[in-house]
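Work through the exercises below with the sequence and the model open. Try each task before reading its solution.

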Amino acid sequence: MRVMAFDYGTKRIGIAVTDPLQIIATGLDTIHPMHIVDFLKNYFKTEQVERFIVGEPKQMDNTPSQSAIHVKGFVGLLKKTFPDVPIEMLDERFTSKMASATIAQSGMNKKGRQNKELVDTISAVILLQSWMDRKMF
């Protein structure tokens, strides 16, 4: 079964997913928060997900950031809609910066590098890869 990660934002949610053997993390899509439940219900028609990983926004001093309240609401929605799927929170500090750096290093043109949806999706991939790396040790 797959594991799915979310980089939650009030404008966009970056989504990444593992392969069924949980070896590779891949960007899946970027969805507006209003459409996330329908998106996931459609996805679950063809795929099985055993766990959700949600980025936990924190400040440098390890306290919750201003967006933490929005993430908490999103986690509540996931729990209510998909009660059988466990949810793990994972520190998401620096994922957006790492995603931007990855895009810059890819050689993509300036317009592509400014694509915020791509940054959100890659942030979710980085989050998921981090979870997978932790699981291995």
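This is a predicted model: local features need pLDDT of at least 70, side-chain atom pairs count only at pLDDT 80 or more; totals for chains, interfaces and linings use all residues.

**Exercise 1.** Determine how strands β2 and β3 run and how many bridges join them.

Solution. Begin with the limits of the strands: β2 covers residues 13-18 and β3 covers residues 25-31. The two run antiparallel and are joined by 6 bridges.

**Exercise 2.** Locate Q22, describe its phi, and decide whether Q22 is buried or exposed.

Solution. Start with position: Q22 lies in the loop between β2 and β3. This hairpin has 6 residues between the strands. Next, the backbone: phi of Q22 is near 60 degrees, a positive value in a residue other than glycine. Last, accessibility: Q22 has a relative accessibility of 14%. Buried means under 20%, so Q22 counts as buried.

**Exercise 3.** Describe the largest nonpolar core: how many residues does it have, and which have the most contacts inside it?

Solution. The core has 21 residues, and F6 and I36 have the most contacts inside it. Now assign it to elements: β1 (2-8), β2, α1 (36-44), β4 (49-56) and α2 (68-81) each give two or more residues. The largest share, 5 residues, comes from α1.

**Exercise 4.** Which residues is F6 in contact with, leaving aside neighbours within four places in sequence?

Solution. Among them are I13, G14 and I15, then I36 and L40. Further along the chain, F6 is in contact with F52, I53, V54 and G55, and also with F74, L78 and L127. Of these, I53 and L127 belong to a second, separate core of 12 residues, which also includes A5 and A25.

Methods
Residues are numbered from 1 along each chain as its sequence is written. Side-chain values use heavy atoms; hydrogens and water are left out. Two strands pair if DSSP finds at least two bridges between them. Helices (H or I, at least four residues) and strands (E, at least two) are DSSP runs, numbered from the N terminus. A nonpolar core is a set of buried Ala, Val, Leu, Ile, Met, Phe, Trp, Tyr and Cys residues joined through side-chain atoms within 4.5 Å. Buried means under 20% relative accessible area, exposed over 50%, partly exposed in between (1.4 Å probe, protein chains only). Contact means heavy atoms within 4.5 Å.
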